[in-house]
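Subject: Structure handover

Hello,

Here is the structure you asked for. My notes follow below it.

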Amino acid sequence: MLNRNRYATLVSALALAGCATSAGGGGTSWPAPTLTGERPIVIAHRGASGLRPEHTLEGYRLAIMQGADCIEPDLVFTKDGVLVARHDTFLSATTDVADHPEFADRKRPSPDPEFAGKKVDWWVADFTLAELKTLRAKQLFPMRSKEFDGKFQIPTFDEVLDLAASSKTLSGKPVCVYPEAKSPAYHASLGMPMAGPILETLKKHGMDRAGSPVFIQSFEPLFVKEIAPMTELPVIMLAGTQADYDADMAVEGAPFWDGAGVTHPMVANPDGTSTGFIEKAHSQGIAVHVWTYRDDVPAPGGDVETRIRSALTLGLDGFFTDFPATGARVVYEFGEGE
């Protein structure tokens, strides 16, 4: 049976109870009904990805400096079985692979069932770590600064964990790491199941025990069901729509997760009122984290700060943002009653 205490154990270990801000607690209780009564966590989505190319050590480092509690590396496997931080199983969108003539012959139709063979690209699983290290990251979004394109390497999961372990949040607390297993069924089809290697890597860094500053997440319910009994770390079930979440809940044994990672419209109506999702999840002992708040991408429900505040009012337990400085400031102001 799932240990519902492991989420609370982790949040307690991060010493968030009574804190009003990532930059130093105000000594007051949190003024909204979060699952544990502690303030929500600010999760740097792919690092400070609004300001630096995503999934780079430099982006994660900036996120920590800006007040993030957690950094989020998406994980995929290289050809030689190394976990690296990439959001996609392909490379063209976030690296300069197209500028490397030595890899021109690697471009091919998709081996990833997600794309049903319709996408032609360079695939991470076709490259060794040494080859990937010759590439450089670039900004995904066209409206964001390209100033740092071509400057940073693709980091391994080991390197991300080393960075977290050697860093502290602005309040001097441990930096939590929030890895997402990307396309685990696809990787398993390549002979590279993800659950064991993720947990083994965490163990190597002493981050596999109850209370270690780690959340593990995935969109695939069968992966979440597999890894949940293998670890004392909290696991998060991701879903993009209510229909997706309902389908996850229909899997035998569900819910077998500690938290739900969902979109803003799943928790709040356009006028900021509750959809009832947070309340129902909390009644089941499930925390709720929302993705993804972006300062520069308009969305229904008002500007980004208005949407974050409306979700915080409902008892949100944490949220992902491309701009951690904005997220940390809104949490601080909310906690101080401003």
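The second largest cavity holds about 40 Å³ of space. A cavity here is a set of points, on a 1 Å grid over the protein atoms alone, where a 1.4 Å probe fits but cannot get out. Points are joined across faces, edges and corners, and a volume is the space filled by probe spheres set on the points. Lining residues have an atom within 4 Å of a point. For this cavity they are His-45, Arg-46, Ser-49, Arg-52, Glu-54, Gln-139, Leu-140, Phe-141, Arg-144, Arg-294 and Asp-322. By class, that lining has two nonpolar, three polar and six charged residues. Nonpolar covers Ala, Val, Leu, Ile, Met, Phe, Trp, Tyr, Cys and Pro; charged covers Asp, Glu, Lys and Arg; the others, Gly among them, are polar.

Before you go on: this is a predicted model, where local features need pLDDT of at least 70, side-chain atom pairs count only at pLDDT 80 or more, and totals for chains, interfaces and linings use all residues. Residues are numbered from 1 along each chain as its sequence is written, and side-chain values use heavy atoms, with hydrogens and water left out.

The whole structure has two cavities of 30 Å³ or more. Ten residues line it, and the closest to its centre are Tyr-7, Thr-36, Glu-38, Arg-39 and Asp-317. Its lining divides into five nonpolar, two polar and three charged residues.

The largest pocket has about 370 Å³ of space. A pocket is an open set of points with protein on both sides within 12 Å along at least five of seven lines. It has 19 lining residues, with Glu-114, Glu-180, Lys-182, Ser-183 and Phe-219 closest to the centre. Strand E8 (180–181) and helix H5 (184–189) each give two or more residues to the lining. Helices (H or I, at least four residues) and strands (E, at least two) are DSSP runs, numbered from the N terminus. H5 has the largest share, three residues. By class, the pocket lining has nine nonpolar, four polar and six charged residues.

Ser-183 is buried, at 15% relative accessible area. Buried means under 20%, exposed over 50%, and partly exposed in between (1.4 Å probe, protein chains only).

Rings

There are 14 aromatic pairs. Rings of Phe, Tyr and Trp (its six-membered ring) pair if their centres lie within 6.5 Å; planes under 30 degrees apart are stacked, over 60 edge-to-face, the rest tilted. Phe-115 and Trp-123 have ring centres 5.8 Å apart and planes at 50°, so this pair is tilted. Trp-123 is buried, at 0% relative accessible area. Ring pairs also link Tyr-7, Tyr-178, Phe-215 and Phe-320 into a cluster.

Two arginines lie over ring faces. A charge counts as over a ring if NZ of Lys or CZ of Arg is within 6 Å of the ring centre and within 35 degrees of the ring normal. Arg-144 is over Phe-141, at 4.0 Å from the ring centre. Arg-106 is over Phe-127, at 4.9 Å. Arg-144 and Phe-141 also line the second largest cavity.

Backbone

Check the cis peptide bonds. Ala-254 to Pro-255 is cis, with omega near 0°. Pro-255 lies in the loop between helix H8 (242–249) and strand E11 (259–263). Trp-291 to Thr-292 is also cis, with omega about -20°. Thr-292 is in strand E12 (residues 287–293).

Ala-116 has phi near 50°, again positive and not glycine. It is in the loop between strand E5 (108–109) and strand E6 (120–121). Ala-116 is exposed, at 57%.

Helix H2 (residues 57–65) buries Gly-59, Tyr-60, Leu-62, Ala-63 and Ile-64. Their cover includes strand E1 (41–44), helix H4 (157–165) and helix H12 (324–335). Just after H2, Gly-67 takes a positive phi of about 110°.

Ser-310 lies in helix H11 (residues 304–313). It is buried, at 13%. Leaving out residues up to four places away in sequence, Ser-310 touches His-264, Ala-268 and Gly-272, where contact means heavy atoms within 4.5 Å.

Best wishes
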